[in-house]
Amino acid sequence: SGEVVAAGDAWWRTESRDRLLQLGAEATPRYVYHMPTVRQQARNLKTLAAVDRLHYAVKANTHPAILRALAEEGFGFECVSPGELKAVMAAVPESAPLLFTPNFAPREDYAWAFGTRATVSLDSLYPLEHWGEVFRGREIVLRVDLGRGLGHHEKVRTGGSGSKFGLPVDQIDTFLRLADTHSVTVRGLHAHLGSGILDDKHWGEVYGQLASLAERIGSVAFLDIGGGLGVPSHPGEARLDVAALDEVLRKVKAAYPHYKLWMEPGRYLVADAGVLLTRVTQQKGKGSWRYLGVDTGMNSLIRPALYDAWHEIVNLTRLDEPATALYQVVGPICESGDVIGSDRRLPEAKEGDVVLIAQAGAYGKVMSSPYNLRDEAEEIILD
Ligand code: LLP
């Protein structure tokens, strides 16, 4: 149906709980991805009637089953490296649109990408100044910096002078002169302000700003207003209102109807679909603090250490027991920052309990590292 689904009980609390306990008892750490949730999130975004094309920002999660499912749902794919493009091309049918939006990439990445079917974006003068022959006669997308950034943490805001992304608006005329010299056509304009945005007004403003720039350029056919669609992380936080977002986009599009509207969400599609399973190793009391140790940490999920991100943590083995302990939940990595959650009220735990870290489907596995040479988390698909 075209219904946007309201927040219900997370899938892992309900029908999949027993299966998760079994998976966690077999081996940890494990990422588990629930495909019906990916598809539901995809269908929620497909209700955006104002949007002409959706590209999945694959940096959020590159598991081939997820790429395939989103291709089936009609998504294109936004990739930032040849590696991501190759992963997508290996997983999805040839008909899926591809967008290549690298940042500070070497010359050979662009040259290679033009040999694929991807639409290629530029976000600085340098490539046209120094590698004009690579771009001669091509159509490209120009990513601009609208002078401001947004998002859940300073490190994920991608606009303004403190950010390395995008061509500043005051360099557009120079860019267009260079483009003219090399017979390059600007077919699209692009802006992405950051990640984890829950305000539905923001994308309408971006469309309006890009459209007024496009009016000056003349050759532009589509406006890519980026991704950044957030999912609430703390209990009680409101979800992004997809119907309200559509309303905003429809209004601003009515003012500039001659452009196709593209978006490129990552997190929204996969965050809630993924959990990280880990098991209790040891406990320690230190002054008034109680540490609950689990068998993986910032090596598998770096978001709490890097952004102070909050992920719900539950003891899946004791989901129905009262939360009488106050824990600092920590991993086995040799860094004081290896804390997955502070001050968490949980049931009294025992060695071997299966602990679930929620909302780990976006920017989890893809940002993991071999640090300390701990085993990397496996990935399991539930369909
Ligand atoms: N488009 C561009 C050009 C991007 O740079 C990004 C994300 C996206 C789309 C997708 O954004 P999303 O819809 O997923 O918010 N590692 C951080 C997030 C970094 C996002 C980087 N760029 C995190 O874990 O919160």
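A residue is classed here as buried if 20 or more other C-beta atoms lie within 10 Å of its own, as exposed if 12 or fewer do, and as partly exposed in between, with C-beta atoms placed from the backbone. The structure is a predicted model, in which local features need pLDDT of at least 70 and side-chain atom pairs count only at pLDDT 80 or more, while totals for chains, interfaces and linings use all residues. Residues are numbered from 1 along each chain as its sequence is written.

The chain contains twelve helices and 17 strands; helices (H or I, at least four residues) and strands (E, at least two) are DSSP runs, numbered from the N terminus. Its C-alpha atoms fill a box of roughly 70 × 45 × 40 Å along the principal axes. Of the 383 residues, 45% count as buried. Two residues are in contact if their C-beta atoms, placed from the backbone, lie within 7 Å. Among contacts between residues at least 6 apart in sequence, 72% join residues at least 24 apart.

Strand 6 (residues 139–145) is largely enclosed by the rest of the structure, because six of its seven residues are buried. Two strands are taken to pair if DSSP finds at least two bridges between them. Strand 6 pairs in the parallel sense with strand 8 (residues 185–190) over five bridges, and E139 has T185 of strand 8 as its bridge partner. Strand 5 (residues 119–122) also runs parallel to strand 6, over two bridges, with S121 opposite V141. Two further bridges join strand 6 to the parallel strand 7 (residues 167–168), where P168 stands opposite D145.

Two positions carry annotations in an unreviewed UniProt entry; UniProt positions are given in the numbering used here, feature names are shortened, and annotations may be inferred rather than shown by experiment. The entry lists K59 under "modified residue: N6-(pyridoxal phosphate)lysine". K59 lies in the loop between strand 2 (53–57) and helix 3 (64–72), and counts as partly exposed because it has 19 C-beta neighbours inside 10 Å. Leaving aside residues up to four places away in sequence, K59 touches V80, E84, G266 and V366. C334 is found in the loop between strand 14 (325–330) and strand 15 (339–346), and counts as exposed because it has 9 C-beta neighbours inside 10 Å.
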